[in-house]
Amino acid sequence: MVNTKDNSNMLLVQPTLEQQAFIRNSLDQNSHDIQTEIEILKKWLKEQPHLPDTWDEHCLFIFLMGCKFSLETCKKKLEMYFIFRATLPEFFSNRDVRNPEIREALNVMEATVLPELTPDGKRVSIARPVKYDFETPNIADMIKLVFMVGDLRLKLEETGVFDVYIADFNFPLAKHFYKINPLVLKKMFMCIQEGFPVMIKELHLINAPPFIEFAINLIKPFLSPELSQVIHVHTSIETLYEFIPKEILPEEYGGNAGKMSDLQDKWLRILEEYSPWFEKEENIKADLSITALQNGLREDYRELEGSFRNLCVD
């Protein structure tokens, strides 16, 4: 098995004691008995006939922290996480970075999680086009890669952190936007908001064309009010530095973190090393058989399934 701690230190600089203290205080972590709450989650999983009855204890801790130590919120997110794994094969099956479709997506996109944290404990992820003009890719393959990194971070993050995402729109957005099935975007945002323990503090859209405002308004129905409120649009890189320390950014954005291509290559190598783990994880998902449904699968799944099936696309 890959040495998780060594890889974590190589890819992700972990929070300092001061940053950990800041995050714990922000989440009121010290008022919770973490191990007791993890045991409650483990017992709860065993009692759910449609959910895996065992799961990585560290991942449960990251989920609990990402849910601000609300057990009820954590249970709901865990359930939806395993349901999404079972119902969205376009995102959660055949997860091997050596697959041609993922390699094809990487021909037009560079994406990475930056190693350094911001002073207040935020982990920054950034994606940008490799070139200005390109054929519209299969966005589901890009999303699959994003969720692969998200799943691996459940293991590699030693403690929960806040998240910041940067998307570079230095390409003709309108040309591609109208070719994307909105159902795919809806599924993606549902996964992020309802199934992953991410604490998104900021979403930065840089080099944004005028069309970006129109695009944001179209996807806002898919966003929670909380996520809508943290979107920041930048027409210049200079205004990004008001939020993110310049030095932790990649060289392409004036920082000292190294080149985007090198940072991405490190992640791709680790994702490839974890291919057997991703293959094993593919079987850890909700059981949506008739028996499981009759034994009390929440009505949320039926609503979810219906919303996917009935969404109209003009």
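How much space lies in the largest pocket? The volume is about 480 Å³. The model is predicted, so local features need pLDDT of at least 70 and side-chain atom pairs pLDDT 80 or more, while totals for chains, interfaces and linings use all residues. Residues are numbered from 1 along each chain as its sequence is written, and side-chain values use heavy atoms, without hydrogens or water.

A pocket is an open set of points on a 1 Å grid where a 1.4 Å probe fits, with protein on both sides within 12 Å along at least five of seven lines; lining residues have an atom within 4 Å of a point. Its volume is the space filled by probe spheres set on the points, which are joined across faces, edges and corners. The largest pocket is lined by 16 residues, and K68, V198, M199, I200 and E226 are the closest to its centre.

The structure holds 19 salt bridges. In each, a side-chain nitrogen of Lys or Arg lies within 4 Å of a carboxyl oxygen of Asp or Glu. K43 and E47 form one, at 2.5 Å from N to O. K43 counts as exposed, at 52% relative accessibility. E47 counts as partly exposed, at 45%. Here buried means under 20% relative accessible area, exposed over 50%, and partly exposed in between (1.4 Å probe, protein chains only).

D151 and R95 also meet in a salt bridge, at 2.8 Å from N to O. Both residues are buried. R98 and D96 form another, with the closest N and O atoms 2.8 Å apart. Salt bridges that share partners join R85, R95, D151 and E281 into one network.
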